[in-house]
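Keep the structure open beside the text as you read.

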Amino acid sequence: MTAHVTIELVTLDDAEEIQQIASHPDVVATTRLPDPYPENGAQTWIKMLLPRQKAGDEYAFAIRRAEDGKIVGVCGFVTVHKDQHLAEYGYWIGKPYWNHGYATAAGRLAIEYARKHIKLKKLFAHSLEQNPASCRVLEKLGFEKKKKLRNSNDPHHGDAAIYVYEKTL
Ligand SMILES: CC(C)(COP(=O)(O)OP(=O)(O)OC[C@H]1O[C@@H](n2cnc3c(N)ncnc32)[C@H](O)[C@@H]1OP(=O)(O)O)[C@@H](O)C(=O)NCCC(=O)NCCS
């Protein structure tokens with residue numbers, strides 16, 4: 001069954017809903033979101049995001065469930081290398097909404113947006129080895145596993161192994 005979602009560029013109006021779902025420890029644990037997620041974390045992040053979004057350096061989308069418009073997660077292009085038509089793709093879904101196909105459905109829409117509106121030619125993405133659901137999402141989106149880094153080199157995940165995925169658009 002295909003999950004029905006829409007994606008729209010994040011605005012400050014989304015802060016409260018995003019705050020509620022981002023602050024779950026199981027979401028923070030496998031992403032680069034701050035741990036613990038601070039009060040007003042979503043608002044602070046969106047204020048930093050908006051000028052970058054306007055400049056085309058970063059894009060973040062609120063993923064909304066089509067049936068009621070509720071925000072179920074966030075996805076987007078974290079760092080856009082405009083000269084190389086390349087960007088990192090990142091995503092997370094609120095814990096109550098896992099395993100409904102939302103990450104996959106949103107990913108398909110984000111990839112379409114990248115092709116049409118940002119003219120990207122290549123995406124890359126990271127997933128912790130210990131996060132098989134995320135690896136599965138990337139595989140369903142047609143990303144190819146390119147290499148395994150033995151150390152994530154990020155302060156959240158220390159020496160946890162991480163896979164690097166790529167997709168040519
Ligand atoms: C990873 C994450 C984005 C998946 O979102 P989702 O909306 O549940 O994903 P989907 O429903 O589209 O697809 C999940 C797939 O993983 C599979 N899956 C779920 N748990 C699994 C597990 N423990 N082992 C293997 N596969 C698993 C599901 O069966 C499904 O695959 P299928 O369609 O072939 O059955 C979500 O769990 C999440 O946000 N986690 C916390 C943050 C995070 O990890 N973000 C990614 C950072 S790289």
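Of the 21 residues around the ligand, T30, A103, T104, P132 and A133 come nearest; a residue is near a molecule or strand here if its C-beta atom, placed from the backbone, lies within 6 Å of it. Please bear in mind that this is a predicted model, in which local features need pLDDT of at least 70 and side-chain atom pairs count only at pLDDT 80 or more, while totals for chains, interfaces and linings use all residues. Residues are numbered from 1 along each chain as its sequence is written.

Which elements build this shell? At least two residues each come from β4 (86–93), α4 (102–118), β5 (122–128) and α5 (132–140). Helices (H or I, at least four residues) and strands (E, at least two) are DSSP runs, numbered from the N terminus. The largest share, five residues, is supplied by α5.

Y102, A103, A105, A106, G107, A110 and A114 are the buried residues of α4. Buried means that 20 or more other C-beta atoms lie within 10 Å of a residue's own, exposed means 12 or fewer, and partly exposed is in between, with C-beta atoms placed from the backbone. The cover over these buried residues includes β1 (5–9), β2 (59–65), β3 (71–81), β4, β5 and α5. Just after α4, K119 takes a positive phi of about 60°.

In soluble globular proteins, nonpolar side chains tend to be buried together. Leaving aside neighbours within four places in sequence, A106 is in contact with V5, I7, I63, G73, C75 and Y91, where contact means C-beta atoms, placed from the backbone, within 7 Å.

Now for some places further along the chain. G41 sits in helix α3 (residues 41–55) and is partly exposed, because 18 other C-beta atoms lie within 10 Å. Not counting residues up to four places away in sequence, G41 touches Q19, A22, S23 and P34. D13, in the loop between β1 and α1 (15–22), counts as exposed because it has 9 C-beta neighbours inside 10 Å.

Finally, step back to the whole chain. It has five helices and seven strands, in the order β-α-α-α-β-β-β-α-β-α-β-β. Of its 169 residues, 30% count as buried. The C-alpha atoms fill a box of roughly 40 × 35 × 35 Å, taken along the principal axes.

Technical notes:
Two residues are in contact if their C-beta atoms, placed from the backbone, lie within 7 Å.
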